[in-house]
Amino acid sequence: MLPTAHRLRRSADFSAVVRRGRRAGRRHLVVHLLDPSGPAVDAGSTGLGSTGLGSVIGEYGVSHEVTVVEPARVGFVVSRAVGGSVVRNRVERRLRHLVRDHLASLPAGGRVVVRANPAAADAPSDVLARDLASALRRLLPPPEASS
């Protein structure tokens with residue numbers, strides 16, 4: 001199960017990610033990524049900004065500005081083309097479990113939609129994991145080398 005803070009829930013968020021995000025397709029799934037630091041994002045109109053300012057009342061009643069970093073959020077689309085409700089729910093559970101391992105590598109404030117293709121219904125978990133990792137590698141910037 002994904003933690004609540006990492007779940008994409010609103011229809012408008014799904015639409016924004018699919019329409020304006022970058023995508024990487026594989027045989028069993030398609031991954032859409034809307035990175036708030038990327039050029040394709042208008043964070044003001046979508047509410048998908050990665051940071052915001054908030055104020056905290058500290059010791060002695062002094063107000064301090066703090067930066068609030070939103071976590072990456074992930075949503076899943078598994079259509080009827082994948083199969084009946086039992087199959088769709090199983091595919092979504094498997095994808096949710098696989099995405100959990102990649103949460104740390106997703107950009108703060110980023111939004112991801114994983115859409116299952118009909119072939120995902122019969123795919124073993126290791127194949128789904130390989131497709132997901134491959135799609136995310138294509139979409140995410142390479143990790144910075146420390147020198």
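Arg111 belongs to strand S6 (residues 111–116) and Glu70 to the loop between strand S4 (63–69) and strand S5 (73–77), so the pair ties together parts that are 41 residues apart in sequence. A salt bridge is here a side-chain nitrogen of Lys or Arg within 4 Å of a carboxyl oxygen of Asp or Glu. The model is predicted: local features need pLDDT of at least 70, side-chain atom pairs count only at pLDDT 80 or more, and totals for chains, interfaces and linings use all residues. Residues are numbered from 1 along each chain as its sequence is written, and side-chain values use heavy atoms, with hydrogens and water left out.

Arg111 is buried, with a relative accessible area of 3%, whereas Glu70 is partly exposed at 25%. Buried means under 20% relative accessible area, exposed over 50%, and partly exposed in between (1.4 Å probe, protein chains only).

Three salt bridges are found in the whole structure. One of them joins Arg10 and Asp13, with 3.8 Å between the closest N and O atoms; Asp13 is buried at 11% relative accessibility. Another links the side chains of Glu92 and Arg96 (3.6 Å, N to O). Glu92 and Arg96 are four residues apart in helix H3 (residues 85–100), and are therefore separated by about one helical turn. Glu92 is partly exposed, at 25% relative accessibility.

The chain contains four helices and six strands, in the order α-β-β-α-β-β-β-α-β-α along the sequence. Helices (H or I, at least four residues) and strands (E, at least two) are DSSP runs, numbered from the N terminus. Of the 147 residues in the chain, 39% are buried. Among contacts with a separation of 6 or more, 70% involve residues 24 or more positions apart, a contact being heavy atoms within 4.5 Å.

His32 lies in strand S2 (residues 29–34) and is buried, with a relative accessible area of 4%. Beyond its neighbours within four places in sequence, His32 contacts Val17, Val18, Arg22, Arg23, Arg111, Val112, Val113 and Arg115.

Arg22, Arg23, Arg115 and Arg138 gather in a patch of positive charge on the surface. Such patches are made of residues with over 30% relative accessible area and no salt bridge, like charges being joined within 9 Å. Arg138 is in helix H4 (residues 125–139) and is exposed at 52% relative accessibility.

Terms used: Patches are made of residues with over 30% relative accessible area and no salt bridge: like charges are joined within 9 Å, nonpolar side chains (Val, Leu, Ile, Met, Phe, Trp, Tyr) within 5 Å. Accessible areas come from the Shrake-Rupley method with a 1.4 Å probe; for residues, only the protein chains shown count as cover. Lys and Arg count as positive and Asp and Glu as negative; His and the chain ends are not counted. The place of a charge is taken as NZ of Lys, CZ of Arg, CG of Asp or CD of Glu.
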